[in-house]
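Welcome! Take a moment to look over the structure, and then we can walk through it together.

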Amino acid sequence: FWGQSLKQQYENLERIFELRIGIKEGRSFNFALELVKEKIDEGNPVVIGPLDMFYLEYRPEFFQIVHAFPHFALAVGYNDLEGEIFLHDCDLPGVQSLSYENLRLAWQRDEPGYIRRNAVITFSVTGKPLPLEVLVKRGLLLKAEQMLNPPFRNRGLPGMRKLAQEFSKWGEL
């Protein structure tokens with residue numbers, strides 16, 4: 001559990017992994033697609049979403065059957081002549097192909113309070129990769145700090161203490 005929201009999760013990952021993460025969201029489909037292609041041309045795959053799996057033609061268990069939202073995938077290539085983007089999807093082997101038209105449909109919905117439509121999430125490494133033990137320690141220390149000193153009193157350890165005090169009075173309500 002890395003944060004209360006997607007953006008908080010990315011902020012935490014930046015601190016732990018020494019990454020720079022950029023999020024462009026809520027722009028037009030054409031702007032977002034051009035940004036994806038630009039980053040891929042620079043040699044940097046990007047995360048795209050939120051996607052509605054109803055429009056992912058390479059997912060037959062969802063395609064035009066079930067709206068499953070939000071979903072994210074890693075864009076790694078494209079073919080303008082065929083009008084398709086190439087993706088790595090979390091639980092599928094290899095590279096998947098998605099038509100630009102179905103990408104437009106899948107990518108058109110906001111997820112209120114989470115992330116807006118046509119989001120392009122870029123990553124860049126600021127230093128050399130750190131050993132797994134260092135990353136785990138950083139992650140656990142960051143989560144401990146956030147639990148002990150949360151930004152709001154109803155979260156983390158103060159929130160748990162407040163709930164514990166109120167819990168004993170629930171029978172009186």
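Some questions and answers about this model follow.

Residues are numbered from 1 along each chain as its sequence is written. This is a predicted model, in which local features need pLDDT of at least 70, side-chain atom pairs count only at pLDDT 80 or more, and totals for chains, interfaces and linings use all residues.

Q: What is the order of the strands in the open sheet?
A: Two strands pair if DSSP finds at least two bridges between them. The open sheet has 6 strands with antiparallel pairing, and their order is β1-β6-β2-β3-β4-β5.

Q: Which strands stand at the edges of this sheet?
A: An edge strand has a single partner strand, so one of its sides is left without a neighbour in the sheet. That describes β1 (19–24) and β5.

Q: Which residue is the bridge partner of F86?
A: Strand β4 (residues 84–88) pairs with β5 in the antiparallel sense, over 4 bridges. Within β5, the partner of F86 is S97.

Q: Which residue in the turn of the β3 and β4 hairpin has a positive phi?
A: Strands β3 and β4 run antiparallel and are joined by 5 bridges, with N79 opposite E84 in β4. Their hairpin has 4 residues between the strands, and the turn residue with a positive phi, about 65°, is G83.

Q: Which residue stands opposite V46?
A: Look at β2 and β3, which pair in the antiparallel sense over 4 bridges. There, the residue in β3 opposite V46 is A75.

Q: Are α1 and α4 parallel or oblique to each other?
A: Axes are lines fitted to C-alpha atoms, for helices over the stretch in contact, and angles run from 0 to 180 degrees between N-to-C directions. Helix α1 (residues 6–17) and helix α4 (residues 132–148) pack at about 130°, with their axes 9 Å apart. Angles under 35 degrees count as roughly parallel, over 145 as roughly antiparallel, 65 to 115 as roughly perpendicular and the rest as oblique. The two helices are therefore oblique.

Q: Which residues of α4 make the contact with α1?
A: Contact means heavy atoms within 4.5 Å. On the α1 side, the contact is made by Q8, N12, R15, I16 and F17. On the α4 side, the residues are L135, R138, G139, L142 and Q146.

Q: Where is P50 found?
A: A cis peptide bond joins G49 and P50, with omega about -10°. P50 is found in strand β2.

Q: Where is the place of P70?
A: The peptide bond from F69 to P70 is cis too, and omega is near -5°. The place of P70 is the loop between β2 and β3.

Q: What is phi of E18 near?
A: E18 has its place in the loop between α1 and β1. Its phi is positive in a residue other than glycine, with a value near 60°.

Methods: Heavy atoms only, no water.
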